Amino acid sequence: MELRDVEDDDLPVLVDQQLDPEANRMAAFAATDPADRDAFAAKWARIRADETVTMRSIVVDGSVAGSVMLWRDEELDAPEVSYWIGTEFWGRGIATAALTELLRLVEIRPLYGRAAKDNAGSIRVLEKCGFEPHGEERGYANARGEEIAEVVYRLEG
Ligand SMILES: CC(C)(COP(=O)(O)OP(=O)(O)OC[C@H]1O[C@@H](n2cnc3c(N)ncnc32)[C@H](O)[C@@H]1OP(=O)(O)O)[C@@H](O)C(=O)NCCC(=O)NCCS
């Protein structure tokens with residue numbers, strides 16, 4: 001597994017990964033309309049141009065397996081991590097390895113991470129990388145069509 005800057009050719013792959021219905025249901029707090037490729041393209045263009053965001057493609061055996069990023073959560077007014085792995089790469093330790101690597105790249109602490117309370121995989125990734133529970137909220141989850149519980153995790157310095 002390696003992280004590298006996002007290249008233009010990665011974008012269609014990353015968009016396909018984020019359109020996957022199972023992944024969307026799991027992440028829950030997903031795009032308003034995951035089938036809207038144009039909206040996705042615009043979102044990624046904004047993210048890539050934003051100097052406060054650190055975004056990397058996760059490359060495994062030459063293929064783009066997903067993405068990991070550090071961005072500023074406006075609600076928390078704090079830096080937050082997020083990650084998304086293509087379904088065919090799940091269960092191989094890739095999210096854990098990618099987040100571990102991102103945490104080496106960025107020195108800023110504390111950092112936050114969020115997940116739907118029932119997203120056991122994502123919560124486990126945060127825990128394995130040293131994040132600790134920091135609270136719980138409720139929010140409207142586009143991919144579920146209802147308000148659900150969300151957990152906030154924090155990584156100290
Ligand atoms: C959640 C996600 C990032 C996990 O990626 P992954 O590469 O499969 O995770 P890893 O292989 O590094 O697994 C890390 C740990 O989580 C566990 N895990 C992974 N998926 C799981 C699941 N669906 N249910 C329960 N545990 C799970 C693994 O067993 C491992 O724990 P262990 O070492 O104690 O056995 C991936 O499924 C994904 O991208 N899902 C869709 C998008 C998403 O939810 N992103 C996060 C938004 S907050």
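These numbered notes go through the helices, core, ligand shell and some individual residues of a predicted model.

1. Helix H4. This helix has twelve residues, 94–105, which at 1.5 Å a residue should span 16 Å. The C-alpha atoms at its ends are 16 Å apart, so expectation and model agree. The buried residues of H4 are Ile 94, Ala 95, Ala 97, Ala 98, Leu 99 and Leu 102.

2. Ala 98. Which residues does Ala 98 contact, leaving aside its neighbours within four places in sequence? They are Met 1, Leu 3, Ile 58, Gly 66, Val 68 and Tyr 83. Ala 98 itself is among the buried residues of H4.

3. The largest nonpolar core. In soluble globular proteins, nonpolar side chains tend to be buried together. Here the largest nonpolar core holds 30 residues, and those touching the most other members are Val 68, Tyr 83, Ile 94, Ala 95, Ala 98, Leu 99 and Leu 102. At least two residues of this core come from each of H2, S3, S4, H4, S5, H5 and strand S7 (146–155). H4 gives the largest share, six residues.

4. Helix H5. Ser 122, Val 125 and Leu 126 are the buried residues of H5. Viewed down the helix axis, they fall within an arc of 95°, so they line one face of H5. The elements covering them include S4, H4, S5 and S7.

5. The ligand shell. The ligand is surrounded by 22 residues, of which the closest are Ala 27, Ala 95, Thr 96, Gly 121 and Arg 124. Elements that each supply at least two residues of this shell are H2, S4, H4 and H5. Which element supplies the largest share of the shell? H5 does, with six residues. By residue type the shell divides into twelve nonpolar, seven polar and three charged. Ala 95, listed among the closest residues to the ligand, is also one of the buried residues of H4.

6. Gly 91. This glycine sits in the loop between S4 and H4. Gly 91 and Gly 121 are 30 residues apart along the chain, with their C-alpha atoms separated by 8.9 Å. Gly 121 is one of the residues closest to the ligand.

7. Ala 28 has a phi near 70°, a positive value in a residue other than glycine. Asp 61 also has a positive phi, about 50°, and is not a glycine. Ala 28 belongs to the loop between helix H2 (21–27) and helix H3 (37–49), while Asp 61 belongs to the loop between S2 and S3. Is Ala 28 buried or exposed? With 22 other C-beta atoms within 10 Å, Ala 28 is buried. Asp 61 has 7 other C-beta atoms within 10 Å and is exposed.

8. The cis peptide bond. The bond from Arg 109 to Pro 110 is cis, and its omega is near -5°. Pro 110 is placed in the loop between H4 and strand S5 (111–116).

9. Gly 130. H5 is followed by Gly 130, which has a positive phi near 95°. Gly 130 lies in the loop between H5 and strand S6 (132–141). Having 14 other C-beta atoms within 10 Å, Gly 130 is partly exposed. In sequence Gly 130 and Leu 155 are 25 residues apart, and in space their C-alpha atoms are 6.3 Å apart.

10. Ile 148. This residue is in strand S7 and is partly exposed, with 18 other C-beta atoms within 10 Å. Not counting residues up to four places away in sequence, Ile 148 touches Ala 28, Ala 116, Lys 117, Arg 138 and Ala 141. Ala 28 in that list is the buried residue with the positive phi near 70°. Ile 148 and Glu 137 are eleven residues apart in sequence, and 8.4 Å apart from C-alpha to C-alpha.

How values were computed: Residues are numbered from 1 along each chain as its sequence is written. This is a predicted model: local features need pLDDT of at least 70, side-chain atom pairs count only at pLDDT 80 or more; totals for chains, interfaces and linings use all residues. Helices (H or I, at least four residues) and strands (E, at least two) are DSSP runs, numbered from the N terminus. The expected span of a helix is 1.5 Å times one less than its number of residues. A residue is buried if 20 or more other C-beta atoms lie within 10 Å of its own, exposed if 12 or fewer, and partly exposed in between; C-beta atoms are placed from the backbone. A residue is near a molecule or strand if its C-beta atom, placed from the backbone, lies within 6 Å of it. Ala, Val, Leu, Ile, Met, Phe, Trp, Tyr, Cys and Pro count as nonpolar, Asp, Glu, Lys and Arg as charged, and the others, Gly among them, as polar. A nonpolar core is a set of buried Ala, Val, Leu, Ile, Met, Phe, Trp, Tyr and Cys residues joined through C-beta atoms within 7 Å. Two residues are in contact if their C-beta atoms, placed from the backbone, lie within 7 Å. The arc is that of the directions from the helix axis to the C-beta atoms.
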